[in-house]
Amino acid sequence: KVESLRAQHAEIVPQCRAAKEEIERVLMDMHRNEGILRDLQGRTSRARVQFMTAQGEQPAPEDYATDEEISRWQAKCDEAREALITAEQAEQSQVNNYQALAGELQRAQKRMKDLAEQEADLRTAMAGKPVRDRVTGLFR
């Protein structure tokens, strides 16, 4: 029985290490993603300011703007609106990436927890001590 436990333990240790490395990889990806997201948020903010500024430059009725001036203003607003939409889409895409990584991290952490519990139970059993079931609290 002890040999079987040792074999199981030898099998689970590399799985624990791989799970730990997966968590580290996902955390590094999240950190990198956060930097990109902050940059994109800054771009979106600047695009929003440019759009609002362009809108605020609408010729007033008392300026008696020509059709050409109104067209230039409208084109400037349209260009600023498109830049804002593009920036918002890029930011949202990065938010989606971050959320996917957060889900990946949760799964990796759960896997690590499960593997760590199994490994600890095997060590306890190899030492000849009773193993407590984590759900029922009873000894197995």
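Reader: Is Arg-25 buried, partly exposed or exposed?

Author: The model is predicted, and local features need pLDDT of at least 70, side-chain atom pairs count only at pLDDT 80 or more, and totals for chains, interfaces and linings use all residues. Residues are numbered from 1 along each chain as its sequence is written, and side-chain values use heavy atoms, with hydrogens and water left out. A residue is buried under 20% relative accessible area, exposed over 50% and partly exposed in between (1.4 Å probe, protein chains only). Arg-25 is partly exposed, with a relative accessible area of 33%.

Reader: With which residue does Asp-29 form a salt bridge?

Author: A salt bridge places a side-chain nitrogen of Lys or Arg within 4 Å of a carboxyl oxygen of Asp or Glu. Asp-29 is bridged to Arg-25, and their closest N and O atoms are 2.6 Å apart. A helix is a DSSP run (H or I, at least four residues), numbered from the N terminus. Asp-29 and Arg-25 are 4 residues apart in helix 1 (residues 2-56), so about one helical turn separates them. Both residues also belong to a network of salt bridges that links Glu-22, Arg-25, Asp-29, Arg-32 and Glu-104. The structure holds 17 salt bridges.

Reader: Which parts does the pair of Arg-134 and Asp-121 tie together?

Author: The salt bridge between Arg-134 and Asp-121 has its closest N and O atoms 2.9 Å apart. Arg-134 lies in the segment after helix 2 and Asp-121 in helix 2, so the pair ties together parts that are 13 residues apart in sequence. Arg-134 is partly exposed at 46% relative accessible area, whereas Asp-121 counts as buried at 14%.

Reader: Which residues line the largest pocket?

Author: Rolling a probe the size of a water molecule over the atoms shows where empty space is left. On a 1 Å grid over the protein atoms alone, a pocket is an open set of points where a 1.4 Å probe fits, with protein on both sides within 12 Å along at least five of seven lines; lining residues have an atom within 4 Å of a point. Here the lining consists of Lys-1, Leu-5, Asp-121, Leu-122, Ala-125, Gly-128, Lys-129, Pro-130, Val-131 and Arg-140. Helix 2 (residues 67-126) gives the most to this lining, with 3 residues.

Reader: How much space lies in the largest pocket?

Author: The largest pocket holds about 180 Å³ of space, a volume being the space filled by probe spheres set on the points.

Key. Helices (H or I, at least four residues) and strands (E, at least two) are DSSP runs, numbered from the N terminus.
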